[in-house]
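Please keep the structure in view while reading.

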Amino acid sequence: MADNARAKRLADLIREVVAQKLQRGIKDPRLGSHVTITDTRVTGDLREATVFYTVYGDDEERAAAAAGLESAKGVLRSAVGAAAGVKFTPTLTFVADALPDTARTIEDLLDKARQSDEKVREVSAGAKYAGDADPYRKPDEDDETDDTAE
């Protein structure tokens, strides 16, 4: 079992090597400049690596990029093995990152909250207090007793 620092270093190396190889070494048109490697995770035994990626485009381009990554898996693993210098080169698994979808969902929720806040602001623009402006009771001057008169 490898320590976490070694697994993190290997994951960082895999991310860099795969990104550089996709940018310069793979000539597949499905893997153009719209594929971005976002994260890499390696298991504790350094045998398997999960590479997270995003694709900017529609569903058809995402499917094409997934097929391109699957076909280039062997070349990418060879490049990782040459760069890493480890006894066993980890197997690569490519997973589409849900980050853009999650960010879009959060943005939609924030827009709804802004609209709701704006409606509340419009309704409360001419509103007045239901009672007095200061709802707290204050002691009357007559109720106060002077303790120094004893």
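Predicted model: local features only at pLDDT ≥ 70, side-chain atom pairs only at ≥ 80, totals over all residues.

## Helix 2: span and faces

Helix 2 runs over residues 59–71. Its 13 residues reach 18 Å from first C-alpha to last, close to the 18 Å expected at 1.5 Å a residue.

A65, G68 and L69 are the buried residues to look at in helix 2. Viewed down the helix axis, the buried residues fall within an arc of 95 degrees, so they line one face of helix 2. The face turned away from that buried side carries D59 and E60, both exposed.

## What covers the buried face

Several elements cover the buried residues of helix 2. Among them are two helices, helix 1 (4–25) and helix 3 (73–84). Strand 1 (35–42), strand 2 (48–55) and strand 3 (91–96) are also included.

## Helix 1 against helix 3

Two packed helices are described by the angle between their axes and the distance between the axes. For helix 1 and helix 3, the angle is about 130 degrees and the axes lie 9 Å apart. The two helices are therefore oblique to each other. Helix 1 passes helix 3 in a right-handed crossing.

From helix 1, the contact involves L10, L13, I14, V17, V18, K21 and L22. They meet V75, L76, A79, V80, A83 and A84 of helix 3.

## T89 in the loop

T89 sits in the loop between helix 3 and strand 3. Its relative accessible area is 17%, under the 20% cut-off, so T89 counts as buried. Leaving out residues up to four places away in sequence, T89 touches R77, V80 and G81.

Methods:
Residues numbered from 1 in each chain as written. Heavy atoms only, no water. Helix = DSSP H or I, 4+ residues; strand = E, 2+ residues; numbered from the N terminus. Expected span 1.5 Å × (residues − 1). Buried < 20%, exposed > 50% of the residue type's maximum accessible area, 1.4 Å probe, protein only. Arc of directions from axis to C-beta. Contact = heavy atoms within 4.5 Å. Axes fitted to C-alpha atoms, helices over the stretch in contact; angles between N-to-C directions. Parallel < 35°, antiparallel > 145°, perpendicular 65-115°, else oblique. Left-handed = near helix turned anticlockwise from the far one by under 90°.
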